[in-house]
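Reader: I would like to see how the labels for this model follow from its values. Could you take me through a few of them?

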Amino acid sequence: MTDTTLTILIVGLLALMGVGLYGLLAVRNLIKVIVALQILVKGALLALVAAGAASGQVNLGQSLAATVIVADTVVAVVGLALAVQVRRTVGTLDVQALARLKK
Amino acid sequence: MANEFTILLLIGLPWLGALLVWFTGDSRPRFQHLLAVLFSLAAGAVALSLIPGATDQAVLTLNVGGIFGAFTFVPDGLGVFLAAVATVVGSLAVIFSVEYMKGEAQLGRYYALVLFFIGGMVGLVLSGSLLLMFFFWEITALCSFALIAFNNDDPKAVAGGLKALIITSLGGVGLLIGALVIYGYTGSYEVNDFLAGAAQLPPDVLSLVAFGFLAAAAAKSSQVPFHTWLPGAMEAPTPISALIHAATMVNAGVYLLARFYPAFEGVPGWTTAVVIVGLASACLAALMALVAQDLKRALAYSTISQLGYMVYAVGVGGVFASQFHLLSHAVFKALLFLGAGAVIHSVGTRDMRQMGGLGQKMPFVRNTFIIGALALAGLPILNGFWSKELVLEAGLSGGPGWAFALMVIGAGLTACYTFRMVWLVFFGEPRAHLHAHETGPAMKVSLGLLAFGTLTTWLLVGPFGEMLAETLPHHHLHILDLGELISEILLAPATWLALAVIAIGLAAWWWHERLAAVRDGLGFLARWAEADFGFEWINRQVVRLTRGTAEALTATQTGVLNWNVAGIVGGLVAVLMILLLAWGA
């Protein structure tokens with residue numbers, strides 16, 4: 001793998017992670033939060049693949065990535081199911097409004 | 001004979017018994033009683049058979065590997081002796097329980113915990129590895145907690161249990177830190193390796209370990225300033241108080257100090273600190289026992305006070321005296337607690353103000369209780385007399401004079417509160433309408449055997465000393481045989497001084513009506529002692545501070561997802577910064 005490819009990959013994964021993190025920090029809608037989390041994890045996936053390729057352990061990197069895809073899908077499914085339930089019982093998807101449930 | 005099989009048997013038998021009693025189920029109480037008695041007696045027999053084979057070599061080594069090292073069991077004199085105390089007093093307490101706990105709903109839980117405790121205590125004193133010792137140390141603390149809180153629908157019992165658990169675990173941290181530091185510097189958890197090579201540790205590190213162990217010992221043995229948990233522990237069923245909070249677990253702290261004395265005696269300030277801890281506990285607790293109204297609490301304070309004598313003895317270099325007093329105290333205090341248990345079981349209250357005149361209704365309990373009380377007061381020729389005088393003599397020859405003077409005054413206070421207790425419970429006019437009845441055979445067996453022990457254990461001083469001296473190569477004990485003990489004690493000026501003070505203590509109680517003016521003059525002291533000398537206040541402040549801090553910190557838990565993510569990102573950035581800086585450096 002050439003240095004240019006690696007650079008492109010790193011820039012790409014940093015961009016994905018940045019977008020995901022920004023979303024997690026700024027977004028208030030629960031669905032959007034889950035979307036942001038997915039974007040963040042996709043960045044991490046890309047990082048795994050890139051690291052595997054760069055260190056010559058392509059198999060390791062890709063099998064780790066496959067594992068993360070499975071786990072991540074489960075997270076998304078459970079998260080969305082929770083969001084549906086939250087909307088039904090509380091009537092809102094605003095995470096700041098949900099924080100009031102603490103009291 | 002000491003081989004790996006007997007060691008496994010000694011720990012395994014009570015634990016197996018615990019499982020069997022548990023699985024028997026509470027629908028068959030007779031079978032549960034029988035199983036518990038059989039297994040505890042078997043463990044007692046195995047422990048006694050181990051005594052002739054005491055050795056300073058590890059007889060059982062379990063190679064766990066990794067950072068856990070090897071778990072070894074060393075049945076040396078100190079360990080075997082305490083294992084015998086734990087199992088023999090344990091089986092007597094179990095026999096006593098057959099009657100005391102009759103009709104109790106959850107016998108399975110009770111006996112399982114008692115037997116689990118006995119096995120844990122045996123493991124604690126026999127283990128030759130510091131880490132393993134810590135594990136067993138916490139097992140005993142856990143059993144103590146669960147048994148104090150046995151009546152778990154009584155909030156006082158639960159609170160007492162939690163308090164005991166928190167304070168002893170806090171002290172246990174000192175033991176863990178000490179063990180890990182020793183491992184870090186020597187690469188071994190072996191107690192004997194450490195005792196042989198303690199001088200190679202840097203002085204600062206050694207003193208950290210020494211004071212860590214002192215904190216652990218003070219918390220476990222309920223010494224000042226950690227003593228406040230023991231009176232609260234009196235909510236436990238009385239056989240538990242006799243077994244765990246008088247005869248065995250509370251001795252673990254004294255055992256720890258005695259075991260590591262050769263390594264720490266050179267640490268500057270350590271022996272002085274030990275003397276002060278023992279002294280403060282002995283005298284303050286004696287004053288508190290003098291004003292206590294609850295029979296069991298009075299006994300608890302007296303336990304703290306007597307443990308103070310043992311700690312003091314270690315501090316002045318009298319390791320043998322401290323262990324000899326430990327033996328005497330384990331026997332006579334178990335007797336006193338079981339006697340108190342028989343009284344409480346019979347009349348249904350622990351308040352001494354309501355008792356009085358019970359001696360006529362329960363002559364057997366009265367007689368055995370008086371034997372125990374005489375030993376506690378330190379009157380000849382009972383076991384408490386010889387061992388307490390030995391402690392005082394060690395204090396006179398090896399410690400500061402002012403400490404000795406205070407300890408002798410403490411002995412006078414002991415005599416005074418002991419006779420107050422006996423008088424309030426068994427003599428005088430009945431102060432309330434209490435239905436009292438004489439005890440049954442199971443209680444009589446336990447009380448009788450312990451009373452016999454109180455009269456006779458001091459005769460064993462010769463073999464006891466030989467066993468300790470032969471298997472503790474680092475301690476250089478000053479041991480005595482029976483003839484030397486008698487002549488040394490009877491010729492020592494400390495003995496006569498102490499006996500005179502004890503007589504004054506007795507006289508003070510006898511004429512306490514005439515001394516009313518003095519008593520009123522000392523009223524401020526009594527009120528201060530009733531308030532636990534302010535230690536309870538310190539406890540409450542610590543609890544309040546912890547709770548206040550925790551409540552203030554809830555403000556950081558916004559529950560807002562964005563803030564949580566910000567926290568995670570902040571933590572990540574901090575870790576990255578630290579890594580970068582560490583690389584840069």
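Reader: Is B:S222 buried or exposed, and what makes it so?

Author: B:S222 has 29 other C-beta atoms within 10 Å. A residue is buried if 20 or more other C-beta atoms lie within 10 Å of its own, exposed if 12 or fewer, and partly exposed in between, with C-beta atoms placed from the backbone. B:S222 is therefore buried. This is a predicted model, where local features need pLDDT of at least 70, side-chain atom pairs count only at pLDDT 80 or more, and totals for chains, interfaces and linings use all residues. Residues are numbered from 1 along each chain as its sequence is written, while chains are lettered from A and ligands numbered from 1 in the order in which they are written.

Reader: Thanks! Why does B:H476 count as exposed?

Author: B:H476 has 11 C-beta neighbours inside 10 Å, so it falls in the exposed class. B:H476 also has a positive phi of about 50°, although it is not a glycine.

Reader: What is the phi of B:S222?

Author: For B:S222, phi is positive, about 55°, and this residue is not a glycine either.

Reader: Why are α3(B) and α10(B) called roughly antiparallel?

Author: These two helices pack at an angle of about 165°. Angles under 35 degrees count as roughly parallel, over 145 as roughly antiparallel, 65 to 115 as roughly perpendicular and the rest as oblique. Therefore α3(B) and α10(B) are roughly antiparallel to each other.

Notes
Axes fitted to C-alpha atoms, helices over the stretch in contact; angles between N-to-C directions. Helix = DSSP H or I, 4+ residues; strand = E, 2+ residues; numbered from the N terminus.
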